[in-house]
Amino acid sequence: MRVAVPSDGGFDGKAVPFDASEGIAIAEVGPDGVREIKVIKPGDNVAEELKREGVELVLTPEISEELALKFAKLGIRVLTGVSGKVKDVMMLALKGTVKRAFKAGLDMARMGKDVMTRKL
């Protein structure tokens, strides 16, 4: 699964909200671990950019309702409430914490149509 985390310093930085990010770290997370793919600079249409990169899940401390709606329309899941170093945050997905959070439906917030974000 491709995971994206907005960061203040690439893979070596901390997870930050999109409006404070210097780049978005994208990695492939699977049974073999976290494989760093690239860091992209956020543009005007970050949701479309991440969709083109094959991102399925965004991990972020917080997100605006408008951006969450854009991700939802493109089929990209969002998990909010994460904090810490990007590599540690991505380990959440690797360890299955993210998957369990979605299954348990923790703190589901419905915004607009079918937009769902989860807090860890």
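This is a predicted model: local features need pLDDT of at least 70, side-chain atom pairs count only at pLDDT 80 or more; totals for chains, interfaces and linings use all residues.
## Notebook: strands, helices and charged pairs

Started with Lys-38: its relative accessible area is 35%, so I log Lys-38 as partly exposed (buried is under 20% relative accessible area, exposed over 50%, partly exposed in between, with a 1.4 Å probe and protein chains only). Residues are numbered from 1 along each chain as its sequence is written, and side-chain values use heavy atoms, with hydrogens and water left out.

**Lys-38 and its partner**

I looked up what Lys-38 pairs with, and its side chain meets that of Glu-53 in a salt bridge at 3.2 Å, N to O. My cut-off for a salt bridge is a side-chain nitrogen of Lys or Arg within 4 Å of a carboxyl oxygen of Asp or Glu. This pair links distant parts of the chain: Lys-38 sits in strand β3, Glu-53 in the loop between α1 (46–52) and β4 (57–60), 15 residues apart. Lys-38 also turns up in the strand pairing, as the bridge partner in β3 of Ile-26.

**Overall layout**

Next I went through the whole chain. I find four helices and seven strands; helices (H or I, at least four residues) and strands (E, at least two) are DSSP runs, numbered from the N terminus. Along the sequence the pattern reads β-β-β-α-β-α-β-α-α-β-β. Of the 120 residues, 42% count as buried. The chain exposes about 6,500 Å², with carbon and sulfur atoms supplying 47% of it; the areas come from the Shrake-Rupley method with a 1.4 Å probe, and for residues only the protein chains shown count as cover. I also checked contacts (heavy atoms within 4.5 Å): among those between residues at least 6 apart in sequence, 50% join residues at least 24 apart.

How many bridges hold β1 and β2 in their antiparallel pairing? I get six, with β1 at residues 2–7. Two strands pair if DSSP finds at least two bridges between them. Val-5 has Ala-25 as its bridge partner in β2. On to β3 (residues 33–40): β2 and β3 are antiparallel too, over seven bridges, and a hairpin of two residues joins β2 to β3. Six of the eight residues of β2 (residues 23–30) are buried, so β2 is largely enclosed by the rest of the structure.

I then picked Ala-4, which is found in β1. Ala-4 is buried, at a relative accessible area of 0%. Leaving out residues up to four places away in sequence, Ala-4 touches Ile-24, Ala-25, Ile-26, Leu-50, Val-55, Leu-57, Val-58 and Leu-59. I also took the C-alpha separation of Ala-4 and Val-39, which comes to 9.1 Å for two residues 35 apart along the chain.

**Helix α3**

Which residues of α3 (residues 86–95) are buried? They are Val-86, Val-89, Met-90 and Ala-93. These cover an arc of only 95 degrees around the axis, which puts them on the same side of α3; the arc is that of the directions from the helix axis to the C-beta atoms.

**The other salt bridges**

My salt-bridge count is five. One of them joins the side chains of Lys-87 and Glu-36, at 3.7 Å, N to O. Lys-87 lies in α3 and Glu-36 in β3, so this pair ties together parts that are 51 residues apart in sequence. Lys-87 counts as partly exposed at 40% relative accessibility, and Glu-36 does at 43%.

I also noted Lys-70 with Glu-66, at 3.7 Å, N to O. They are four residues apart in helix α2, and are separated by about one helical turn. Lys-70 is partly exposed at 34%, whereas Glu-66 counts as exposed at 55% relative accessibility. Salt bridges that share partners join Asp-12, Glu-36 and Lys-87 into one network.

**Aromatic rings**

I count one aromatic pair. The rings of Phe-18 and Phe-71 have centres 5.7 Å apart and planes at 40 degrees, so I file the pair as tilted. The pair links distant parts of the chain, with Phe-18 in the loop between β1 and β2 and Phe-71 in α2 (residues 65–73), 53 residues apart. Buried or exposed, these two? Both Phe-18 and Phe-71 are buried.

Terms used:
Rings of Phe, Tyr and Trp (its six-membered ring) pair if their centres lie within 6.5 Å; planes under 30 degrees apart count as stacked, over 60 as edge-to-face and the rest as tilted.
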